[in-house]
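Hi,

Here is the structure we discussed.

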Amino acid sequence: MEKKQALQCVVLFVCISASWISVESLGNGLGLTPQMGWNSWNHFGCNINEKLIRQTADALVSSGLANVGYEYINIDDCWANYNRDKWGNLHGNDATFPSGIKALADYVHSKGLKFGIYSSAGTRTCSGRMPGSLGYEKQDAKTFASWGVDYLKYDNCNTDGSAEKQRFPVMTQALRASGRNIFYSMCEWGYQEPAKWGAEVGNSWRTTTDIKDTWSSMLFNIDINDGYAKYARPGGWNDPDMLEVGNGGMSYNEYVAHFSLWAISKAPLIIGCDVINLNKEAHSILANKEVIAINQDSLGVQANKVKKYGDLEVWAGPLSGGRKVVLLLNRGNQGTKLITFNWADVGIPPNSAATLRDVWLHYTYKKTIRHKLTVRVAPHSCRLFVLQPV
């Protein structure tokens with residue numbers, strides 16, 4: 001009996017220890033809701049400099065986007081000198097960031113914003129124009145911390161051939177030892193299905209390859225991302241890549257669908273356009289407080305595709321307070337179509353009545369709805385509702 005009890009104690013200790021290791025692998029307390037901010041890559045690529053980043057920080061504040069939750073200013077690739085210095089340190093590019101990265105981070109912080117930077121789990125970054133952090137993880141993490149970096153996007157180019165599961169956790173531990181709490185955005189393109197192991201390593205993880213500013217690319221990425229819905233949670237989010245809203249490759253209705261799908265999927269809302277010259281249509285999409293509230297809902301459950309017939313789809317998920325979010329999507333090219341969903345499709349008890357709020361029209365229907373709803377949806381468009389059972 002004593003041997004059996006002793007064995008049970010050992011098993012219990014091992015289980016508790018394993019659980020502790022799992023929770024503490026990252027354990028930075030960040031990303032309790034999906035991150036919101038701006039990134040330079042989608043619009044500017046390598047054509048960045050410190051003046052642009054400062055002006056972008058100014059614009060994020062003056063446009064009101066900071067007030068609705070966009071808080072990170074993230075520099076992507078091409079910010080550093082081609083080589084490290086003789087001590088192995090990274091430095092901002094002498095020509096494009098002459099004041100240095102710390103001075104730039106200080107400026108961003110002075111605006112009440114947070115500052116993000118980029119590297120790769122390889123010998124060089126994806127552009128090939130600056131060193132990656134492979135083999136320099138601890139040194140680079142300490143450098144980033146000394147500059148006041150709040151966010152790291154960590155890419156997957158020019159590797160040594162070792163597995164992502166091996167390389168990305170090294171930076172996790174380096175960030176934890178850096179002395180600063182830094183949001184860790186893993187960008188390994190979904191190769192080793194990071195949704196299944198990313199919660200122990202990063203605050204978000206790319207589930208897809210790079211997005212393009214087209215309807216087909218946007219849908220391709222969100223479809224892949226949908227397959228990992230159950231793995232998203234506060235502190236760790238599926239990332240189908242940055243937003244293309246405002247870059248001009250899609251129509252207004254397509255951008256509304258893009259933003260809506262990212263919002264209900266609890267995806268990071270990282271603006272990828274030129275916010276200095278943001279047009280009114282794009283601003284109205286990015287600044288929709290009701291759609292942002294769905295993304296930032298405290299329950300933190302990713303919605304997913306629950307019904308599909310041809311080009312017509314129903315996406316749904318739970319929100320706090322017993323509410324449901326429902327998105328009706330017409331992927332087709334021709335004609336307005338009727339899309340119907342039943343209460344059972346979206347998790348509402350069959351005999352319940354529900355209030356209906358259209359979050360793009362900012363309109364609550366006067367009559368409660370029962371059993372099902374049928375709505376007309378234009379091609380390449382969506383309708384987005386919040387339902388409250390009563």
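Cys382 is buried, because its relative accessible area is 11% (buried means under 20% relative accessible area, exposed over 50%, partly exposed in between; 1.4 Å probe, protein chains only). This is a predicted model, in which local features need pLDDT of at least 70, side-chain atom pairs count only at pLDDT 80 or more, and totals for chains, interfaces and linings use all residues. Residues are numbered from 1 along each chain as its sequence is written, and side-chain values use heavy atoms, with hydrogens and water left out.

Cys273 is buried as well, at 1% relative accessibility. Its sulfur lies 18 Å from the closest cysteine sulfur, in Cys382, so the gap is too far for a bond. Cys382 is in no disulfide (a pair of cysteine sulfur atoms within 2.5 Å).

Now the bonded cysteines. There are two disulfides. In sequence order, the bonded cysteines pair 1-2, 3-4.

- Cys46–Cys78: the sulfur atoms are 1.8 Å apart. Cys46 sits in the loop between helix H2 (41–44) and helix H3 (50–62), and Cys78 in the loop between strand S2 (72–74) and helix H4 (101–110). Helices (H or I, at least four residues) and strands (E, at least two) are DSSP runs, numbered from the N terminus. Both cysteines, Cys46 and Cys78, are buried.
- Cys126–Cys157: S to S is 1.9 Å. The link is right-handed, with 90° about the S-S bond. The two cysteines are 31 residues apart and link distant parts of the chain. Cys126 is partly exposed, at 35% relative accessibility. Cys157 is buried, at 14%.

Best wishes
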